[in-house]
Every structure is written in C-alpha cells, then in structure tokens.
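Me: Hi, I'm new to this one and would like to go through it with you. Could you take my questions as they come?

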Amino acid sequence: MNTKKTVVLVCLLLGLAVTLGADSTVLLNAAGATFPYPIYSKWFNVYHTEHPSVQINYQSIGSGGGIQQLKSGTVDFGASDMPLKDDLLGQFSFKILQFPTVLGAVVPTYNIPGVQAELKFTPKAIAGIYLGTINKWNDPEITSANAGVNLPANDIVVMHRSDGSGTTFVWTDYLSKISPEWKSRVGSNTSVNWPVGLGGKGNEGVTGLVQQTPNSIGYVELIYAIQNHMGYGLVQNSSGKFVKASLASVTEAASGVAAKMAQDLRVSITDAPGATAYPICSFTYLLIPVKISDSAKRDNIKTFLHWMLTTGQSQVEALDYARLPKAVVAIEEKQISQIQ
Amino acid sequence: MNRFRLLWRKSLNVVMLTLTGVAALAVVSVLFLILGYLIWNGGKSLNWNFFTQLPAPVGETGGGMANAIVGSMKLLLMAAVIGLPIGLMGGIYLAEFGGKAFSFAVRYTADLLNGVPSIVMGMFVNLLVVVPMKGFTTVAGGIALGIMAIPITLRSSEEFLRSVPVNMREASLALGASKWRTIASVVLPAAKGGIITGMLLALARVAGETAPLLFTAFGNQFWSPGWKQPTAALPLVVYTYAISAYPDWHRQAWAGGLVLLALVLMANIGTRLVLSRGGAARSV
Amino acid sequence: MGSHATAVERAPSPWAGRTLLRRLAEGDAVAHTVTLIFAASIILITSLLVYQLWISSAYSRKTFGWHFWFSRVWDPVFEHFGALPFIYGTLVTSAIALIIAIPLGLAAAIFLAELAPRKISDSISFLIDLLAAVPSVIYGLLGIFVVVPLMRTIIGPALKSALGFLPIFAGPNYGLGLLTAGIVLSIMVVPFIISVSREVLLTVPREQREAALALGATRWESTWKVVVPYARAGIMGSVFLSLARALGETMAVTMVIGNAALIGTSLFSPGDTIASMLANQYSEATGRLYLSALIELGLVLFLITFILNGAARLLILTTERGGGRPA
C-alpha cells in the first residue's frame, strides 16, 4: 500500500510540475516557409537569448502551410515566400500585413557522379528539364552551355516539392516568365501539377533527396546547398550572362524595385534586369495580422519586427541571405505602427 | 514409377518444410536487423546532451531532443487520462452489465475506431479540437492518441474481466455483496494484472504514432509549458530529421529512433512476460 | 390449484426494508449507468468522426461527384482534383506488400504451428509480435537509409538485368518508388499474417492431420492439402487484416515512395498513396475545395479499411468456430 501511495504521489507531483509551465513566458507560435528557415531559426534562437521571457516557436511546414494555418487562426503569424495577392487575401476573415524579411536565392542543385564542375543553365534548359522535354544530362541544351564538362548520358532525376511551398512559387514564377509553355501548362503557385519528378518535403527534404540520388537535380534555397556542401549551378539572366547566386547578385536583383515597394511591398524579382543580377530570387514575407487582441503578444511581435529590421539584418549575410534595401526597411518600420 | 513418385514427394516434403523454417528465421532476423541498425547508428549519439538539451538552430550541430522526450511523455499522460478510463469502464460494462444489442454496437464501433487510419484520426482531431481552439496543443495531440488507445484497452479489459472465474463472483454475491461491490473488490483486483498490461500495450502502441501528431501537436523548438501549446514529440522529430539533408540531424534521428524503439519494446516485452507468468496469454 | 400446506412462502426481497442494501442496490444502478455512459461514448466518438468527415467533404463531393474517382489530375492551381493517382499508388503498394508477405508469412506460420516444438514456437511468435509493435516512423527511417540505397544499388539493377524487359521493371530506378514502399510495407504486415494464421492453424483439429498422415501423406502434404485449406477462411481473414493495415500506413510510405502524383506503369516509378499525400498536403490546403477534396480522400480510406476489417473479422470467426469446409 505504501509503495502504491508513493507512486501515485510521485505521478501527481510530476503532473503538477509538468503542468505548471513558466506562465510568465510569452509564447508565440508561427509556421510557414522553409526558404528562410535557417535564418528564422537563428533569429528566434538569438532573440530568445536576448529576451528570455519570449519564445517564438516556428515550424517550417512550407509557405502553403503558413498561409493556411494563419487563416485558420491556429498560429499567431505566418511566413511565406509568395506574397499574397488580393484574391487570396480576400479569403482571410481578417486583414494581414506582409513584411519582407530577407532576400534569398533559389538555386538549381544537382548530384551528378563524376561531375565536380559548376554547371551553367540556360532558361531553356531549366524549363525543358522540369517540363520533361529534356531528360538526359548530355542533352545539347545543357552541354552547349558547359563546354569542357564531361556530362554523362544518364537520365535526369527531377526533384520538386511535395508540400505547398513558397520556394516552388519562386521557381515556377521564374519558369512562367521565361517559358510560355510552362506558363500555360503548369502555371505558378505554391503547389502545382508537376509534369515530372519526385517530391520531397520542405527545402530540407529536397536537399536530402538530391544528396542521396545520383543524377538528380532540385531547386532549393541557397543556404541549403551551401550548408550541405552540394554543387549548384549558374543561371543565365535576362542580360545573357551566367550568374552565380551570391549576396551581390541577389542584392542587384532587388535594386530596381525599392521604389515600387513604397506602393506595395508585394513584388516579384525573378528574371530581374541587370547584368549581374541573379534571376531566381525573392523576398520572403512574414504575415502579421493587423489586429492582435492579446496585448502581450502584440507588443512582443512589434518589438521583434523592429529587432528584425535592425539587429536581425546584421545576421543574415552570415547565412548567405541578402539584407533588405534601406528604403524597404524604412517602409516596413512605418508599417509596424499599423499593427493594433 | 511408384518409387520415383515417392522419392519426389519425400524430397518435396523436406524442401518445403525447410523453406518454412527459413521463412520464420528470415522474419525474426528482420527484427534483429532493425535493432542492430538502430543501436549501431544511434547508440553513439546517445549522450548526456541528447537527453538534456534543446535543439540547436538549423544547420548547426549539437543540441538534443530533451523537449521531444518530455513532450512525448506529456502526450502519453494525456492519452492515458482520456483513453484508458473510457476503455476500462467500457470493458467493465461489456463484461459485467452489457445487454446484447448494445454490447454488439459498442464492440463493433470500437473495432471501427481501431481500424481508422492514423492520419485520418489526426485530421478528425484537427477539425474537432485544433481549429475551434485556434491553436495546436498538447491537449489535441493527447486526445488523438487517447482515442486511438481506447479500442485496445477496451478489448483487453473485457477479456481479462471475463476470464475471472464465475465462482469467485458467485462467492462474493453469496456473501451479500452487491454487484458493483463484487466488481470493485473481487473481479477487478483479480483481473488487475491483465488489465494493466493491456493499458501499457495500448500506450506503447500510441507512443510511436506520428501521423496523428502532425496536425495536432505540431512541434516546438522550445519547452512546451502547460497543455495548451504545441509540443515536440519523439516520433515527430525523428521524422523531420530523417527526411532532411543535415548529417547531424540524421545522427540525431537514429538516436531518437533508438530511444523510441527501446521504450516501445521494453513496454511490450515487460508486459508480455508478466502476462505469461500470470498464465493468461492472449495476443491482442 | 389449491394451496399446499407445504407451499414455500415466497422469500422476501433481499432489499426490502434494508436501507443500507437499498443504497447498495442503487450503487449497482449507478455503476451500470456510469459504465454504460463510458461505453456509449465510444459509439459517440466514432459517430462524430464519421459525421465530421462526411460533412467536411460535402463541398468536394458535390463539386466532383463520381468523377473524383477516375480523374488523374491533381492540380491545386486550376482546382482540378482527382483521386486516381493516389488510389493507384495505394493499391499497387499494398498489392506488392501482400505478394511478398503472404507466402513469407504463411510459410512462417506453418512452421510455427506445425513443425516447431511448442516452446520454440512460442518464443519465435513472441519475437514476431515485437516486430508488429515497431513504430511506423522507425520503418521509415530504415527505409530511407537502408532499403532505398539497397534498391538503388543492388535489388533494382538485379531486377532490371533479369526482368528488365517487363514493363513493370522498365524505366529509371531512383531507389525511391512504388516497389520500395511495397517492400517496406510487406515487412510491416507480415507479423499480422503470421500471428493470426498461426492461431487459426493451431485450432485445426488433430484428427484432420492424423487422418491425412494415416492415408500415407507426407508431413508437408498433410499440412498443405488438408490443414491449410481447413483454415483457409481464417488465413484469408489475416490477409484482409494486413491489407487494411497496409492501406492506412502513412509515415513509412511517405518517406520512401517519392511523393509524385503519377500513375507509373513501372514499379520503379515514384508515386503516392492516399495516406502519404494527406500527411504532406493537409496542413496547407488553402481553399475550401482543396481541403474538402483531401477530407473526401480520408473518408474513402476510412470506408475501405472499415469494410476490410469487417470482412476479416467475419472470416476469422468462421474458422475459429470450426467452419472449415471439407476440401
């Protein structure tokens, strides 16, 4: 009887301990894009160290997931690489504000046994690969841009996203701009009807698939390719130059749009003009409700946004994301005051 | 002719019987292969950090699964609170009180519930709990797991209650005890061992479920205080890490898998040993 | 009928005039009611589940009707949803799983029921039951890091060189795909086939075996031609049970199947099952129609497993009640 009593007591105490969480902590839950996940993960970690009473739990489930969960009200804010157009905004029962956070690049990463060189991809090559019309690595469209590289006659294994993804949106947005066939056949969205290929979950999943599958190609955010030591190709931009994704080339792509963003922060910077601009990059956005009833949450979100635009920006380049243009930062600082 | 045919039949006999032995051996060796792989790949990552630290930011090495382990325990606690009483009480009803038609309905629907694919259960609890509560919570995850634990608990409770000999009940009634008193003081204690093992098996089964947690518990980088916040869980983290590209995450996935499997197997082995010693051994 | 002098007086009701006992009697009623409520809650929960799935899928059912089942297109952009690729993937992977698991499982069950001494049979059964307890995500983990490379480097090329002319083994071999998912599933369902088949084989009366042996049959012939057919219904039941399990399996499948909404004729091609795609797409289905279509798929999966489970139980019951028909 004694042991039974002590067991029950211990269980009760454990239960109590586990239930009485640190209730003074402000807990924010967010979900969305995997594109900026490495920098968000870093930010929320650093922010928590600087503000121990605030915990921002971010689950990287893809931009589609971020949008949907924000719509259902199950998270406090969302994250998406795809800016929300008015028709999608109309589906929300409340108004939201979109805050660009960083600039990132989507790169074609590949795993070809025996090929160490950096490959050059023309827009036609990428479109053909993803449409399924180009299916061998030694196709003339690819070899003509890569003289001197011994490309094998192997089948190309195409990887794409299996979940609703903003990275997919950026990729397909670019493809729609440079390939009329893609635009009419597939279109651009967070989730599309892929003509060919296998699906991986999240940027993490696609990186994993390409890493483990010989002769494969996939599209991932730059930092995923770098962190996993995988080769990624150069892409030919609208000026005809083959450009490698880098801080400089991404910043260049965004340089023309700062003025436009004063009207509307939702812009597409794929296939941007500029000799040194990388053609497949994007802003990524935090989706914040305009009205936040919980005052603790509201104040902390606003404080975080200020932090993100100042201290946070100084940390992005270490992870190969480009900083927001100064003009955009100024526009966003003003937008923060709209949150009530 | 006859002799040839006899030889053929005899050799066929030996060959086929040997093959059946090989089949059994092959299946059993899969279990050891799984264990071996997990121990080999996960064992070296099981250190103090793994059990006590929170996950590190994406891409950085180090960190651990402490919050996932605690999260799983909380979810199991919730599942036990929800699923086990319903299963036990339902089992008592079916074994002691049940009317024919209603009992049939209860057993039938419990079977139905048992057959629900775990992903559909997750969707159901999401629609029922997460969306109205406007948030992913440990409660929702616990409810999903708890509902999944009901059919197993129900069936094993009923079985072990029924296996208590009739003369024990009649002796109690003859001494003047009422029915409920008989159940509480005589039948339940007699069936106690089997019932508890049934409950542990149910919990071990739901502890490894991932799909129902995808849309209910959701996951958490940090500690999840209380019950109304999203929480990390061991199977969820193993899944997320396994499909990624980071070698450090792979390493941790193996370790997490090992911990999960060890817990599930220990529960299964422990309960079945207890059952077989008690003499009543029935597979669920 | 006149009253007898020795008529026994009706015993007074034991509860009469005994307030303590009356309270206890009410306690009985209370116990009855309380446990009844709990039992009824099970019916309530299940009904709620079916109801919720039904009404949440109403929009999709109304929009697409029966066309949903035969359409190959899953296009969230243009909002065309068709379930055929996922039904195909579900059926193919389950078929592969059963083709592998049934011979393997039945053979092992025969060994355990007929040949092995009781103690060894019990211990091996115990170990195989443990295999059934391994969580799905662990099978997925091993699938990604063990089975997929194995398929890509050894099994795939071997199949291709031997049988590559067949359309089911044509096409590129990625390691991931329908075949890999089928193989992982087969390992997950084989314990169910073994455990249930072993039990039904054990219930076959000794007379059947002995009669066959007395007529001059070899051990194998007596098993294969007499005992197994006798237990046929129960073995079918175990197959249905395993099929139901395979259809609903989510995590292990989604980690190795390639997640492509395709209908590939080759077993090496990637595909998707209903459960796997629900896991991937449910949390991000924006738009009423998209969400409704996903829930409709969940409802269908549930109905199929329900029917299979019911049939399985019936079949197993038939054998256990000694309903084996003479061959």
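Me: What does helix 4 of chain C do at C:Ala101?
Reply: Helix 4 of chain C bends there by about 30°, and a proline, C:Pro103, follows within four residues. The bend at a residue is the angle between axes fitted to the seven residues ending there and the seven starting there, while helices (H or I, at least four residues) and strands (E, at least two) are DSSP runs, numbered from the N terminus.

Me: And what kind of model is this, and how is it numbered?
Reply: This is a predicted model, in which local features need pLDDT of at least 70 and side-chain atom pairs count only at pLDDT 80 or more, whereas totals for chains, interfaces and linings use all residues. Residues are numbered from 1 along each chain as its sequence is written, and chains are lettered from A and ligands numbered from 1 in the order in which they are written.

Me: Back to helix 4 of chain C, how far does it reach?
Reply: Helix 4 of chain C covers residues 84-115, and its 32 residues reach 45 Å from first C-alpha to last, close to the 46 Å expected at 1.5 Å a residue. The expected span is 1.5 Å times one less than the number of residues.

Me: How do helix 4 and helix 7 of chain C pack?
Reply: Helix 4 and helix 7 (residues 178-203) of chain C pack at an angle of about 35° with their axes 6 Å apart; axes are lines fitted to C-alpha atoms, for helices over the stretch in contact, and angles run from 0 to 180 degrees between N-to-C directions. The residues of this contact divide into 24 nonpolar, 7 polar and 2 charged, where Ala, Val, Leu, Ile, Met, Phe, Trp, Tyr, Cys and Pro count as nonpolar, Asp, Glu, Lys and Arg as charged, and the others, Gly among them, as polar.

Me: Changing topic, how many residues do chain B and chain C put into their contact?
Reply: The contact takes 71 residues from chain B and 71 residues from chain C, with two residues counted as in contact if their C-beta atoms, placed from the backbone, lie within 7 Å. On the side of chain B, the largest share, 18 residues, comes from helix 1 (residues 2-43) of chain B, and that side divides into 51 nonpolar, 13 polar and 7 charged residues.

Me: And chain C with chain A?
Reply: That contact takes 19 residues from chain C and 24 residues from chain A. Strand 1 (74-75) and helix 12 (274-281) of chain C each supply at least two residues of the chain C side.

Me: Which strands are at the edges of the 8-stranded sheet in chain A?
Reply: The open sheet of 8 strands in chain A has the order 2-1-3-11-4-8-6-7, with mixed pairing, and its edge strands are strand 2 (54-60) and strand 7 (198-200), each pairing on one side only. Two strands pair if DSSP finds at least two bridges between them.

Me: Why is one side of strand 5 of chain A left without a neighbour in its sheet?
Reply: In the open sheet of 3 strands with the order 5-9-10 in chain A, strand 5 (120-121) and strand 10 (242-243) of chain A stand at the edges, each with a single partner strand, so one side of each has no neighbour in the sheet.
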